[in-house]
Amino acid sequence: MAKTKAHTRYKNTDGKVVPGVTTILGNLGWNKNILVAWAKRTALAGEDPTKVMEHAGAIGSLAHYLCECHIKGDEPDTSDYTSEQIEKAENAFLGYLEWEKMVKPEYAAIEMKMVSEEFQVGGTCDFVARINGELVIGDFKTSKAVYDEHIAQLSAYRKMYLELQPKAKIKSGMILKLDKETGAFSHHFISKGQMEWGWKVFRSCLELHKLNKARV
């Protein structure tokens with residue numbers, strides 16, 4: 001597996017490239033203050049923020065990949081990663097295994113790439129699974145915390161999934177945070193009300209994205 005995944009290009013039924021959910025949220029500086037503060041602290045500590053972020057991104061991508069391979073029964077290829085990246089990704093994966101043992105999810109979809117024809121946006125959700133008798137859409141995260149951006153992202157995925165699967169009944173979401181240092185996990189259920197709030201946030205970001213593209 002390549003250390004840096006190629007940027008996913010989403011296309012609608014006419015073959016036109018549409019923006020991704022994370023691109024829309026990222027380009028508008030969502031959580032910008034948090035990132036700026038982190039970059040300042042990192043630089044003051046004598047480290048290059050860009051390299052640190054790339055390193056963390058590689059660990060997160062590998063952790064996602066290990067979870068996906070396990071669920072699908074595939075053999076992972078970690079040859080493009082450093083020993084430190086593998087070690088930390090495997091820590092996160094151990095957290096996933098503990099969560100899986102406890103929750104026993106029944107997967108309906110894994111790494112599902114979607115495009116909304118209604119809203120002209122694309123995205124890839126980590127999983128859709130039945131948990132405790134209810135269908136839940138979820139994301140794996142190796143970040144230090146769960147941020148509002150994550151809720152907006154997951155809410156957009158839910159809307160897109162329901163567009164493709166209108167008979168599905170997904171009221172809530174889940175963010176599964178996997179600690180790449182300790183191997184611990186914490187799962188955060190996102191309520192229907194939070195999902196509705198997140199969708200309003202994303203719709204607003206999408207409209208701003210369109211206005212930005214249309215400016216003269």
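Mentor: The protein chain has 6 helices and 7 strands, taken as DSSP runs numbered from the N terminus, with helices being H or I of at least four residues and strands E of at least two. This is a predicted model, where local features need pLDDT of at least 70, side-chain atom pairs count only at pLDDT 80 or more, and totals for chains, interfaces and linings use all residues. Residues are numbered from 1 along each chain as its sequence is written, and side-chain values use heavy atoms, with hydrogens and water left out.

Trainee: What pattern does the chain follow along the sequence?

Mentor: It reads β-β-α-α-α-α-β-β-β-α-β-β-α.

Trainee: And what share of the residues is buried?

Mentor: Of the 216 residues in the protein chain, 43% are buried. Buried means under 20% relative accessible area, exposed means over 50%, and partly exposed is in between, with a 1.4 Å probe and protein chains only.

Trainee: What about contacts between residues at least 6 apart in sequence: what percentage join residues at least 24 apart?

Mentor: That comes to 64% in the protein chain. Contact here means heavy atoms within 4.5 Å.

Trainee: Switching to helices. At what angle do H5 and H6 cross?

Mentor: Roughly 90°, with the axes of H5 (residues 148–164) and H6 (residues 192–214) coming within 7 Å. The axes are lines fitted to C-alpha atoms, for helices over the stretch in contact, and angles run from 0 to 180 degrees between N-to-C directions. So H5 is roughly perpendicular to H6. The classes are roughly parallel under 35 degrees, roughly antiparallel over 145, roughly perpendicular from 65 to 115, and oblique for the rest.

Trainee: Which residues meet there?

Mentor: On the H5 side they include Ile 151, Leu 154 and Arg 158. On the H6 side, Trp 197, Trp 199 and Phe 202 are among them. By class, the contact of H5 with H6 has 9 nonpolar, 3 polar and 3 charged residues. Ala, Val, Leu, Ile, Met, Phe, Trp, Tyr, Cys and Pro count as nonpolar, Asp, Glu, Lys and Arg as charged, and the others, Gly among them, as polar.

Trainee: How many salt bridges are there?

Mentor: The count is 7, a salt bridge being a side-chain nitrogen of Lys or Arg within 4 Å of a carboxyl oxygen of Asp or Glu.

Trainee: Which residues does Glu 207 pair with?

Mentor: Glu 207 forms one with Arg 203, where the closest N and O atoms are 4.0 Å apart, and another with Lys 210 at 3.8 Å, N to O. Glu 207 and Arg 203 are 4 residues apart in H6, about one turn of the helix. Glu 207 and Lys 210 are also separated by about one helical turn, because they are 3 residues apart in H6.

Trainee: What does Lys 101 pair with?

Mentor: Its side chain meets that of Glu 98 in a salt bridge, 3.7 Å from N to O. Lys 101 is exposed at 55%, whereas Glu 98 is partly exposed at 42%.

Trainee: Which residues form a salt-bridge network?

Mentor: Glu 84, Lys 88 and Glu 181 are linked in one.

Trainee: Now Asp 139. Is it buried or exposed?

Mentor: Asp 139 is buried, at 3% relative accessibility, and lies in strand S5 (residues 134–141).

Trainee: What does its side chain do there?

Mentor: A polar atom of the Asp 139 side chain lies 3.5 Å from the backbone nitrogen of Asp 126. Leaving aside residues up to four places away in sequence, Asp 139 also touches others, including Phe 127, Leu 154, Tyr 157 and Met 174.

Trainee: Last topic, backbone angles. Which residues other than glycine have a positive phi?

Mentor: Lys 104 has one, at about 55°, and Glu 111 has one near 45°.

Trainee: Where do they sit?

Mentor: Lys 104 is in the loop between H4 and strand S3 (106–116), and Glu 111 is in strand S3. Lys 104 is exposed, with a relative accessible area of 60%, while Glu 111 is buried, at 17%.

Technical notes: A polar contact is a pair of N or O atoms within 3.5 Å; within protein, one must be able to donate a hydrogen and the other to accept it, and residues adjacent in sequence count only if both atoms are side-chain atoms.
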